[in-house]
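Welcome, and please open your viewer before reading on. We will go stop by stop, with something to select at each one.

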Amino acid sequence: MTHYVLMKFKPGTDLDAAEARIRETYRQLDETLDFLHNPRIFRNCVERDSNADLMAVIDLDDPARLPDYLQHPLHLAMAGAFRDAILVRTSFDTGA
C-alpha cells in the first residue's frame, strides 16, 4: 500500500527545518522498519491557500502494518514536534 500525508503548516513555520526533520525521520524509519520502503518527501512549489506545504509518501508491505508505523517512537516524536506547527494534516492510503 502507499500512504500519503499532506501537511499545511501555520504561517511563520520554518519549512526548511520542517522538511529536514521529516526527511531525516523517514530516512531513519526506512532503515529501522523492514516493512516500510521508498520514503519520498515533496515540497509544494505553488503558493495557494488550498495547497499543502509538504507531502510525505511511503510504501508499506501490508495495510495491516500501518498501525506499527504510526505508533513507532520515531513517527510519534516527529508528529509531536510538529503538533503546534501544523494547521491541517490529511492522510490518504491506496493499494493493497
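Does D84 count as buried or exposed? Select D84, and you will find this residue in the loop between α3 and β4; helices (H or I, at least four residues) and strands (E, at least two) are DSSP runs, numbered from the N terminus. With a relative accessibility of 65%, D84 counts as exposed, where exposed means over 50% relative accessible area, buried under 20% and partly exposed in between (1.4 Å probe, protein chains only).

A short note before the next stop. You are looking at a predicted model, in which local features need pLDDT of at least 70 and side-chain atom pairs count only at pLDDT 80 or more, while totals for chains, interfaces and linings use all residues. Residues are numbered from 1 along each chain as its sequence is written, and side-chain values use heavy atoms, with hydrogens and water left out.

**The sheet**

Next, colour the strands. There are 4 of them in an open sheet, with antiparallel pairing and the order β2-β3-β1-β4; two strands pair if DSSP finds at least two bridges between them. The edges belong to β2 (36-43) and β4, and each has a single partner strand, so one side of each is left without a neighbour in the sheet. On average, neighbouring strands are turned by 15° against each other, direction ignored. Axes here are lines fitted to C-alpha atoms, for helices over the stretch in contact, and angles run from 0 to 180 degrees between N-to-C directions.

Select β3 (residues 54-60) and β2 together: 6 bridges hold this antiparallel pair. Among the partners to look for, H37 bridges to D59 in β3, and F42 bridges to M55. Then bring in β1, which runs antiparallel to β3 and is joined to it by 6 bridges. Here L6 stands opposite M55. As for burial, 5 of the 7 residues of β3 are buried.

Stay in β2 for one more residue, N38. Most residues other than glycine have a negative phi. N38 has a positive phi, near 55°. N38 counts as partly exposed because its relative accessibility is 44%.

Now show α1, which lies across β1, β2 and β3 and runs at about 170° to β2; contact means heavy atoms within 4.5 Å.

Which residues are closest to the centre of the largest pocket? This pocket has a volume of about 300 Å³, and of its 16 lining residues, V5, H75, A79, I86 and R89 are the closest to the centre. A pocket is an open set of points on a 1 Å grid over the protein atoms alone, where a 1.4 Å probe fits, with protein on both sides within 12 Å along at least five of seven lines; lining residues have an atom within 4 Å of a point. Grid points are joined across faces, edges and corners, and the volume is the space filled by probe spheres set on them.

α3 gives the most, with 4 residues. The lining holds 11 nonpolar, 3 polar and 2 charged residues; Ala, Val, Leu, Ile, Met, Phe, Trp, Tyr, Cys and Pro count as nonpolar, Asp, Glu, Lys and Arg as charged, and the others, Gly among them, as polar.

The last stop is the second largest pocket, with about 210 Å³ of space. Select K8, F9, L15, E47 and D53, the closest to its centre of the 14 residues that line it. This lining divides into 4 nonpolar, 4 polar and 6 charged residues.
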